[in-house]
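Here's a quick tour for anyone opening this entry for the first time. Take a look at the picture, then read on.

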Amino acid sequence: MQFSLESLAALATIAGLIVSILALFQSRAWLALTSLLVVCLATGAVLYARKQRLAVVTASTVIEGQSIDSLNIANLKRRVNRTFVVQEAKHTARIEGKNLEITWRYSGYCRAARASTMEFSIDSEARTSFGDLDCSAYDLGHDPGMARQIRPLLIGTDGISKKISVPLLKPVKAKEPFGVLLKCTLPQCLPAGSGYYTSTLSFAQGRVPRYEVQLIFVGKAPSWVRVYDCTPPRPATILKTLAPSRHEPGLCEYIDVVEGAPGQSARVYMFWRDPV
């Protein structure tokens with residue numbers, strides 16, 4: 001029979017209490033102190049196990065019967081950026097067939113004494129190895145003409161949710177403005193039928209003054225695009241159905257603009273594309 005950490009800790013707590021009672025009746029102080037220590041350790045294990053179980057539950061996001069696996073994994077290991085204050089964020093997702101091309105642009109100022117890198121989280125429905133991302137970045141603060149391409153670096157493990165770091169051309173200091181642009185191509189990651197694109201903010205600030213998400217579909221337009229708020233620990237909540245801002249043969253564009261978006265938030269854009 002297998003026991004969970006929480007079950008074993010509960011059993012240890014009960015055993016410790018029994019030993020403590022016996023020790024008190026027999027007036028053995030050393031036995032009472034030992035059993036008390038066991039109870040404290042077991043209680044700590046119970047609290048830790050419950051915390052871990054709660055983290056898994058709150059990180060689980062299911063929308064319209066589909067598990068958003070990349071977001072679920074990202075929520076479990078998400079790191080909040082405390083180095084920069086973002087004043088404007090723009091995410092663009094260009095979807096053509098099964099391929100997804102993302103372009104993220106951030107601007108604001110540095111809040112730390114000194115910063116030389118900026119981290120990003122790349123999440124996708126299918127696993128694309130870091131070597132196949134075709135990823136590049138630009139330090140717009142020191143290279144506004146984007147003449148010097150920067151190759152991002154992988155942080156930690158490679159998977160459907162991965163952390164990458166963009167080294168700036170020059171370090172920025174406190175209150176100094178910054179601008180960073182990241183471009184990545186994720187091939188063969190979006191099947192026909194039901195699909196989604198995740199857009200997240202992970203900054204240690206109350207609000208981002210302007211946050212824009214642009215979806216561009218090349219080829220056949222989707223039947224619909226719906227926006228869900230998936231910010232933990234709240235359950236996924238539908239916000240609206242987007243109407244196309246531009247629709248012409250072979251191209252359809254949707255734009256979602258949020259004024260004063262929470263600094264730590266997640267949106268999922270669900271869509272349906274009929275098989276060709």
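## The big picture

The protein chain has three helices and 14 strands. Keep in mind that this is a predicted model, not an experimental one.

How much of the chain is tucked away? Of its 276 residues, 44% count as buried. The chain also exposes about 14,500 Å² of surface, and carbon and sulfur atoms supply 58% of that.

Now for the contacts. If you take those between residues at least 6 apart in sequence, 75% of them join residues at least 24 apart.

Let's zoom in on strand 14, which covers residues 251-273. One of its partners is strand 10, residues 193-218, and the two run antiparallel over 21 bridges.

## Two more neighbours

Strand 11, made of residues 224-229, also pairs with strand 14 in the antiparallel sense, this time over six bridges.

## The turn between them

What links strand 13 and strand 14? The two form a hairpin with two residues between the strands. In that hairpin, Gly-250 takes a positive phi near 85°.

Key. Residues are numbered from 1 along each chain as its sequence is written. This is a predicted model: local features need pLDDT of at least 70, side-chain atom pairs count only at pLDDT 80 or more; totals for chains, interfaces and linings use all residues. Side-chain values use heavy atoms; hydrogens and water are left out. Two strands pair if DSSP finds at least two bridges between them. Helices (H or I, at least four residues) and strands (E, at least two) are DSSP runs, numbered from the N terminus. Buried means under 20% relative accessible area, exposed over 50%, partly exposed in between (1.4 Å probe, protein chains only). Contact means heavy atoms within 4.5 Å. Accessible areas come from the Shrake-Rupley method with a 1.4 Å probe; for residues, only the protein chains shown count as cover.
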